[in-house]
Amino acid sequence: LDDAVVLLGLDDGTVREVPVIDRWHLARRLYLEDCQRQFIDRQVTIEWVDLHEEQYEDRPVTAGELRLTRRDGTGTISIESVSGTIPYDFEAVDTEPGQTVITLDAGAASASVPIRFVEGRCDPHALAEVKQPHKFVAQVDLGDGVLVPYIIVPPEDMFVPMRLTADAACVATGQ
């Protein structure tokens, strides 16, 4: 990044080279975060699959699976935790709080665990202020014991159904 330049095309067809000045280290942070994400993507595919509405404790929730599919990674890969967002709390169905959410053992091609998204906050003020309701942050261990954040986003066609389900759950629970 110290040698980064922007190529600036002018109306007359000339191109000027302008040095990048990253006084607040924003470009460096974005670059490093993107490199980290690309590195994880080369090792494993992390995705929400089969998302659908179902009933849980007398209210609708969005359920499905969290799936890991091996790519270039050869060792054990695990997700230690997944954060919720303002409108959604994340639950790994068969995992106790504080336990590893999912592990892809060395040599295995894929692994899946059942999950659900239950309503998070239902108050109108919080919901009106939410900026990234579908960005769930997983803490990924690529086998070296170091946890790195990775954003998992549901398929875009699930954004509205998930929100409608959470809203219906808020009504059903009297929130």
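Is Asp167 buried, partly exposed or exposed? At 29% relative accessibility, Asp167 is partly exposed (buried is under 20% relative accessible area, exposed over 50%, and partly exposed in between, with a 1.4 Å probe and protein chains only).

The structure is a predicted model, in which local features need pLDDT of at least 70, side-chain atom pairs count only at pLDDT 80 or more, and totals for chains, interfaces and linings use all residues. Residues are numbered from 1 along each chain as its sequence is written, and side-chain values use heavy atoms, with hydrogens and water left out.

**View 1. Salt bridge between Arg163 and Asp167 in helix H3.** A salt bridge is defined as a side-chain nitrogen of Lys or Arg within 4 Å of a carboxyl oxygen of Asp or Glu. For Arg163 and Asp167, the closest N and O atoms are 3.2 Å apart. Both residues belong to helix H3 (residues 159–172), where they are four residues apart, about one turn of the helix. Helices (H or I, at least four residues) and strands (E, at least two) are DSSP runs, numbered from the N terminus. Arg163 is partly exposed, at 27% relative accessible area. A search of the whole structure gives seven salt bridges.

**View 2. Salt bridge between Arg121 and Asp123.** The N to O distance in this side-chain pair is 2.8 Å. Arg121 has a relative accessible area of 45% and is partly exposed. Asp123 is partly exposed, with 28% relative accessibility.

**View 3. Salt bridge between Arg67 and Glu65.** The closest N and O atoms of the pair lie 3.9 Å apart. Arg67 is partly exposed at 28% relative accessibility, and Glu65 is partly exposed with a relative accessible area of 29%.

**View 4. Salt-bridge network of Glu57, Arg59 and Glu119, with Asp58.** Salt bridges link Glu57, Arg59 and Glu119 in a network. Asp58 is in the loop between strand E3 (44–56) and strand E4 (59–70). Asp58 is not a glycine, yet its phi is positive, at about 65 degrees. With a relative accessible area of 74%, Asp58 is exposed.

**View 5. His25, a non-glycine residue with positive phi.** The phi of His25 is about 60 degrees. His25 is placed in the loop that runs between strand E2 (15–19) and helix H1 (26–43).
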